[in-house]
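I opened this structure to take notes for a reader who is new to it. The entries below follow the order in which I looked things up.

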Amino acid sequence: MTRLGRAFGITVLLNTLAVGTGVHAQTHSVPCAPKAFRWQEDCRPIDGEARSRFRYLPLAGDASSWLTLGGEFRVRIESIDRPTYGLTPAPGYSTADHRFLLHADAREVSGLRGFVQLSAVSSAGRFPVRSVDRSEVDLQQGFIDIPLGSPQSILRIGRQEFDGDGLRLISSRDSANLRRAFDMVQLDLRPGQDRLSIFYGSPVGNHPGVFDDHPVSGETLLGVIVRHGWTMGTYHGTFGGFAIERKRPQAIFQDARGAERRDTLGLRLSGDAPSYRFALAGGLQIGTVGASEISAHGLSGEAFYKTRLGQFPASIGATFGIASGDRRSDDGTVGTFDPLYPNLGYYTDAAVSYPANVWDIEPQVSIQATSTLDVQVGVDLTSRLSRHDAVYQSGVPRLLGTGQEGSFLGSLFSVKAAWTPTANLTLTTSYVHGAPGAVIEEAGGKTFDFAYGQLAYRY
């Protein structure tokens, strides 16, 4: 059996298990359930069962300080027969990835806090090996919170995962073995539903040894995020703005290369109601790459209608993104929008291209098959915006140059299922079939198939 066949068989088996078992499973109520950002968990009001699971350990008789312990084990089996449509020398592969995380969170009611999280990850079979997939024991997060008058106003100092409030420009990179972290100083003020975050730091560069991760040399991030929460009856959402400056010593685009200073200014609006939800963000980028000026723009969003398909709750809608490309060669201006620190698997789990010089839309249907099983089906359509700019790939700046005619890059059909029998255990499976468009076909690209199965246990 081929690598893809084995992975696809695993996907089918796990989906069958999810459907067969999830129908009768009930959602378990777990005190202080794990969250995507582990530092967001607050076990203060929890006692009894939580204490027996080391989720709430009082450090003082008056319960003014306490300790929370937690961790994660994740195993992910992934396979693809033709990475990046077969346009690069990288062969197809099957890989087994493992992630181990342990954390301790010591807090006081005043807001004073110390958080430490250790990580260890491994990967077998992936080619080429990425720096985010293999590492001995290292510091994933380690920060202190200093309260500024109240627990809702803090100064956070140290290594941390950053919550961008849904902003796609700074993602957690959860699909990789190692999540994205920053060595950062952050002033975070959250009065009521509002937020003001001012931050400065550097992304953490991952290395394979023991406690050898350190900030990426010469790369810095400075920014401000402002958010206002609004509520009108059953309708609620947020409106805000952001300004982010990234500096790095080397950037490579079709029409320029060299040291980069890129400033991103934008607005974001989101809303949720009983019958729909939406989010929309747009930004302008200015700055320099080498001797060239930056003038770029981007727009992204999603809109979903909440309904029922038969007896099942469902949502029907689409996600989209527009990232400008360079319109003219050798004019001293770079028109390529760069999404800074994106989640490359946002649209589908097969991250075959980088969201620059593209428009992208994915119609989706999501169904809650049972109280513990969610299924999502979608078709992602991507096209190059400018023929005078490249098709980009993460890690390899240019997947294709400007020689190919046409604009359509390809379509990705995907189906994904997530089964959560308890608040601690999640089983996820995904299959993606990619069909090249005219640009990729002209360059010699072919169809590809991608599949993965993942089991994650958090406590």
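**Entry 1. Disulfide**

I began with cysteine pairs, taking a disulfide as two cysteine sulfur atoms within 2.5 Å. By that rule I count one disulfide. It joins Cys32 to Cys43, with an S to S distance of 1.9 Å. The angle about the S-S bond is -75°, and the link of Cys32 and Cys43 is left-handed. Both Cys32 and Cys43 lie in the loop between α1 (3-22) and α2 (49-52), so the pair ties together parts that are eleven residues apart in sequence. I noted for the reader that a disulfide is a covalent bond between the sulfur atoms of two cysteines.

I then looked up burial, where buried means under 20% relative accessible area, exposed over 50%, and partly exposed in between (1.4 Å probe, protein chains only). Cys32 and Cys43 are both buried.

**Entry 2. Basis of the notes**

This is a predicted model, in which local features need pLDDT of at least 70 and side-chain atom pairs count only at pLDDT 80 or more, while totals for chains, interfaces and linings use all residues. Residues are numbered from 1 along each chain as its sequence is written, and side-chain values use heavy atoms, with hydrogens and water left out.

**Entry 3. The whole chain**

I counted helices (H or I, at least four residues) and strands (E, at least two) as DSSP runs, numbered from the N terminus. The chain has three helices and 23 strands. Of its 459 residues, 48% are buried.

For contacts I used heavy atoms within 4.5 Å. Of the contacts between residues at least 6 apart in sequence, 60% join residues at least 24 apart.

Accessible areas come from the Shrake-Rupley method with a 1.4 Å probe, and for residues only the protein chains shown count as cover. The chain exposes about 20,000 Å², of which carbon and sulfur atoms supply 62%.

**Entry 4. Nonpolar cores**

Which residues touch the most other members of the largest nonpolar core? The term stands for a set of buried Ala, Val, Leu, Ile, Met, Phe, Trp, Tyr and Cys residues joined through side-chain atoms within 4.5 Å. The largest core has 26 residues, and those touching the most other members are Leu169, Ile170, Phe199, Leu221 and Ile244. Two or more residues each come from β7 (182-189), β10 (220-232), β11 (235-252) and β14 (292-309). The largest share, three residues, is from β11.

Ile170 is in contact with Phe162, Phe182, Phe199, Leu221, Ile244 and Tyr341. A second, separate core has 17 residues, including Ile80, Tyr93, Phe450 and Tyr452. As background, nonpolar side chains in soluble globular proteins tend to be buried together.

Patches are made of residues with over 30% relative accessible area and no salt bridge; like charges are joined within 9 Å, and nonpolar side chains (Val, Leu, Ile, Met, Phe, Trp, Tyr) within 5 Å. Leu112, Ile144, Ile146, Leu148, Ile157 and Val185 make a nonpolar surface patch of about 450 Å². Strand β5 (residues 135-150) gives the largest share of this patch, three residues.

Ile157 is in strand β6 (residues 153-160). Its relative accessibility is 35%, so Ile157 counts as partly exposed. Ser153 is also placed in β6. Ser153 is buried, because its relative accessible area is 16%. Not counting residues up to four places away in sequence, Ser153 touches Ile146, Pro147, Leu148, Asp188 and Leu189.

**Entry 5. Salt bridges**

A salt bridge here is a side-chain nitrogen of Lys or Arg within 4 Å of a carboxyl oxygen of Asp or Glu. I count 33 salt bridges by this rule.

Asp81 pairs with Arg82, the closest N and O atoms being 3.9 Å apart. Asp81 is partly exposed at 27% relative accessibility, and Arg82 is partly exposed at 33%. Asp105 forms a salt bridge with Arg107, also with 3.9 Å between the closest N and O atoms. Asp105 and Arg107 are both buried.

What is the N to O distance between Arg248 and Glu260? The side chains of Arg248 and Glu260 meet at 2.5 Å. Arg248 lies in strand β11 and Glu260 in strand β12 (residues 257-272), so this pair ties together parts that are twelve residues apart in sequence. Arg248 counts as buried at 19% relative accessibility, and Glu260 is buried at 3%.

Last, I noted one network of salt bridges that share partners, joining Glu72, Arg74, Arg99, Glu161, Asp174, Arg179 and Arg458.
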